[in-house]
Amino acid sequence: MIKILSAVVLISASLFAQNFDAFLDNALKNSPYLKSSNLSLSQAREQGSVITRYKNPSLELEYSAFKPDNSSDDNGYRAAFTQPVRLWGVGSDSEAYADATLQKAASDYSLTYAEFTRDISMLYTEYANQRKKLELAGEELEIAKHIYDISKERNSAGTISRGVMLQAQVDYEMVEIKAQALNITIQETYFKLLKFAGISKEVELDFKHEFKLDSDADSLNNPNINYLKSYKEEAKASSQINSNKVKWVDLTAEFENEPDQNIMRVGASIPLAIFNTSSEEMQIAKLEADKTELLIENEKAKISIENIKLKKQRKLLVLLKNKNEETLKTQTKLLKMFEDGYKIASTNLLELQNIKNRVIKTKESLIKIDTALNQNAITTNYIAGAYNE
């Protein structure tokens, strides 16, 4: 009886448990994994500043000692200031590349965020599936206990043998073992879920959440495709920068003081793009963009067929669920009839246990179908971009 009560307490505790939406929101806000991923945005901003910043000027200072023939010593000095100047067009190309880099980092974080939401939702469905099975084990335990109690009464009245009564007792004890085994499995899935969420303390978690298809499930804002698109744009921006054969020129202003003259010079140092025109770098970046475009097309094809599969799967699951629910109604009526018949000795134990097992099997099938429907909705929503940050 103590074991029965402990199972009931475990199930009833869910009435005061945290719902999945609150659990997910807490995980999204506090996950060290997501916080670490989010730092890539700050890194990309800093990287953008590196790409667009100007080069430092240089200052040259010289001191000279002069000693003309048959005259006294004299001295002079020279100062030269050089500033690298970015050519027209290179600056805007650099800014475009910095923006593309930042957008890729944002898309990468959005992809990580969406995958985290999808994966934690999937882990929750595993946990909920086990908890529902434990709840069902509680129901099965009550039925088995009821059958066992009737068997003891009938054995006392001499209408069944002690062997038949022991059969009912064994069935009842086997259900207890089943419930205990489920408790072990629940512990595994529960702590696996908490570890993934980055939560360091236990929290009582509800297991009745139902995942719905997002209202925009037919749209396509897939995080994988968005990331590939941003990667392609970064490659194109890199190619555009490398299309500038000459990016910088050095402007120089120089003043030189000598004993008999002062010299002022202004000049420019212009690289000659003869041997290194950056054409290879430009072609590499262009090929990377072309390669990514093909990956995008491949991803779109995969998502398209996956969407078709998920829609057909969902339709079949709904039909299967309806059929099982109809069958369960009939089986439940039959179980009640057989229980009543067993009380008055018009039904034998084997028949009663057989119909009881059928009821439990149908309920297990319904739990499995509900889990599959939830996972179907999670995957469909992920593909459509419902979990994008």
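These questions and answers walk through ring pairs, charges over rings and a sheet in a predicted model.

Residues are numbered from 1 along each chain as its sequence is written, and side-chain values use heavy atoms, leaving out hydrogens and water. As this is a predicted model, local features need pLDDT of at least 70 and side-chain atom pairs count only at pLDDT 80 or more, while totals for chains, interfaces and linings use all residues.

Q: How many aromatic pairs are there?
A: Rings of Phe, Tyr and Trp (its six-membered ring) pair if their centres lie within 6.5 Å; planes under 30 degrees apart are stacked, over 60 edge-to-face, and the rest tilted. By this rule, the count of aromatic pairs is 13.

Q: Is the pair of F20 and F211 stacked or edge-to-face?
A: The two ring centres are 5.2 Å apart. Their planes make an angle of 65 degrees, and over 60 is the edge-to-face range, so the pair counts as edge-to-face.

Q: How many residues apart are F20 and F211?
A: Helices (H or I, at least four residues) and strands (E, at least two) are DSSP runs, numbered from the N terminus. F20 belongs to helix α2 (residues 20-30), and F211 to the loop between α5 (162-197) and α6 (223-242). The pair therefore links distant parts of the chain, with a separation of 191 residues.

Q: Is F196 buried or partly exposed?
A: Buried means under 20% relative accessible area, exposed over 50%, and partly exposed in between (1.4 Å probe, protein chains only). F196 has a relative accessible area of 30%, so F196 is partly exposed.

Q: Which ring does R118 lie over?
A: A charge sits over a ring if NZ of Lys or CZ of Arg is within 6 Å of the ring centre and within 35 degrees of the ring normal. R118 is 4.4 Å from the ring centre, over the face of Y382.

Q: Which strands stand at the edges of the sheet?
A: Two strands pair if DSSP finds at least two bridges between them. Here 4 strands form an open sheet with antiparallel pairing, in the order β1-β2-β3-β4. One side of each edge strand is left without a neighbour in the sheet, because each has a single partner strand; these are β1 (58-66) and β4 (261-269).

Q: What is the bridge partner of Q83 in β3?
A: Strands β2 (residues 74-86) and β3 (residues 248-258) run antiparallel and are joined by 10 bridges. In β3, Q83 has as its bridge partner L251.
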